[in-house]
Amino acid sequence: MSKQWTTVIVPKQKLLELNLKEVWKYRDLIGLFVQRNLKARYKQTILGPLWYIIQPLFTTIVQTFVFGWIAGLPTDGLPQFLFYMAGNVPWAYFAACLVGTSNTFVDNAPVFGKVYFPRLTMPIATAVTAIVNFGIQFLMFLGFTLFFMIRGMDVHITWIAALTPLLILQLALLGVGFGIIISSLTTKYRDLHVLVEFGVSLWMYATPIIYSASTLPPEWSSIILLNPVAPIIELLRYGWLGAGTTPFFHWGISWATTFVVLFLGVVIFNRVEKTFMDTV
């Protein structure tokens with residue numbers, strides 16, 4: 001009597017094979033991973049989810065004191081606190097996607113070695129977990145924006161704010177793309193795991209978060225905006241606060257960079273996925 005199998009697992013034949021239909025079938029598993037990530041992050045902490053608000057809030061306060069009051073860096077005529085928060089919130093989302101995804105293979109090797117499921121569910125779950133954090137922090141940012149508008153500050157929302165979902169999607173794709181490249185390499189080179197968070201901290205200073213691209217000389221501004229995250233931050237700030245620059249040309253370059261990074265990430269991820277258990 002022949003058996004009729006409902007699922008047949010075969011190795012991937014193409015390096016760019018995403019198999020999104022299979023990933024969609026495991027969407028419930030993604031949801032479980034998201035719940036696990038949210039519960040594990042602040043498990044056995046006193047303040048719990050309040051850290052979602054406390055971290056960007058205290059970061060913004062410190063930046064306002066150091067770079068605003070002491071260093072006196074210009075903020076395009078915007079309230080310093082609001083200027084820094086407008087950069088910190090999206091940057092925190094990008095950094096969470098990148099750092100979280102960069103540990104995919106190493107952190108989940110015991111699970112990967114015991115049961116089969118599409119490996120891309122892990123990076124996707126990381127990005128979804130981070131969007132929950134971002135949503136809470138973004139609501140806090142909107143609350144402060146409304147507060148400053150009521151107080152009569154020169155803050156106004158522009159039509160570019162409507163691009164926010166697209167800009168956040170790009171941050172997710174960019175963070176996950178870089179993250180899975182690093183994750184694939186850390187299966188052999190563990191030093192990268194140590195350098196990731198340090199590298200992300202340095203990257204932040206190459207991004208217009210504590211300063212505006214409009215305050216830099218044109219030659220330096222053009223270089224800074226080649227950073228794929230920089231145009232996204234500038235557009236988000238202009239969209240919700242109405243000051244700064246609108247670097248649409250550099251945003252186009254940023255999208256091209258995003259697709260290249262994501263393409264390379266998928267190719268390397270699919271290649272390493274076949275053999276990483278032998279080296280991790």
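Rings of Phe, Tyr and Trp, the last by its six-membered ring, pair if their centres lie within 6.5 Å. By this rule the count comes to 16 aromatic pairs in this predicted model.

View 1. The ring centres of Y93 and F134 are 5.6 Å apart. Their planes stand at 50°, so the pair is tilted; planes over 60 degrees apart would be needed for edge-to-face, and planes under 30 degrees apart for stacked. Y93 belongs to helix α4 and F134 to helix α7, so the pair ties together parts that are 41 residues apart in sequence. Both Y93 and F134 are buried. One aromatic cluster is formed by Y93, F134, F138, F141 and W240.

**View 2. The F178 and W203 ring pair.** For F178 and W203 the ring centres are separated by 5.3 Å and the planes meet at 90°, so this pair is edge-to-face. F178 sits in helix α8 (residues 164-186) and W203 in helix α9 (residues 191-205), so the pair ties together parts that are 25 residues apart in sequence. With a relative accessible area of 22%, F178 is partly exposed. W203 has a relative accessible area of 19% and is buried.

**View 3. Crossing of helices α2 and α7.** Two packed helices are described by the angle between their axes and the distance between the axes. The axes of helix α2 (residues 27-41) and helix α7 (residues 121-150) come within 9 Å and cross at roughly 55°. At that angle α2 is oblique to α7. The crossing of α2 past α7 is right-handed. On the α2 side, the contact is made by L29, I30, F33, V34, R36, N37, L38 and R41. On the α7 side, T121, M122, I124, A125, T126, V128, T129, V132 and N133 take part. Sorted by class, the contact of α2 with α7 has 10 nonpolar, five polar and two charged residues.

**View 4. G179 in helix α8.** G179 lies in helix α8. Its relative accessible area is 0%, so G179 is buried. Leaving aside residues up to four places away in sequence, G179 touches L98, T101 and S102. The C-alpha atoms of G179 and L262 are 9.6 Å apart, while the two residues are separated by 83 residues along the chain.

**View 5. H250 in helix α12.** H250 is found in helix α12, which covers residues 248-273. H250 counts as buried because its relative accessibility is 14%, and the limit for that class is under 20%. With residues up to four places away in sequence not counted, H250 touches S222, L225, L226 and P231.

**View 6. Backbone of D76 in the loop between α3 and α4.** D76 is placed in the loop between α3 (51-70) and α4 (80-101). Most residues other than glycine have a negative phi. D76 is not a glycine, yet has a positive phi of about 60°. The relative accessibility of D76 is 24%, so D76 counts as partly exposed.

How values were computed. Residues are numbered from 1 along each chain as its sequence is written. This is a predicted model: local features need pLDDT of at least 70, side-chain atom pairs count only at pLDDT 80 or more; totals for chains, interfaces and linings use all residues. Side-chain values use heavy atoms; hydrogens and water are left out. Helices (H or I, at least four residues) and strands (E, at least two) are DSSP runs, numbered from the N terminus. Buried means under 20% relative accessible area, exposed over 50%, partly exposed in between (1.4 Å probe, protein chains only). Axes are lines fitted to C-alpha atoms, for helices over the stretch in contact, and angles run from 0 to 180 degrees between N-to-C directions. Angles under 35 degrees count as roughly parallel, over 145 as roughly antiparallel, 65 to 115 as roughly perpendicular and the rest as oblique. A crossing is left-handed if the near helix is turned anticlockwise from the far one by less than a right angle, and right-handed if clockwise. Contact means heavy atoms within 4.5 Å. Ala, Val, Leu, Ile, Met, Phe, Trp, Tyr, Cys and Pro count as nonpolar, Asp, Glu, Lys and Arg as charged, and the others, Gly among them, as polar.
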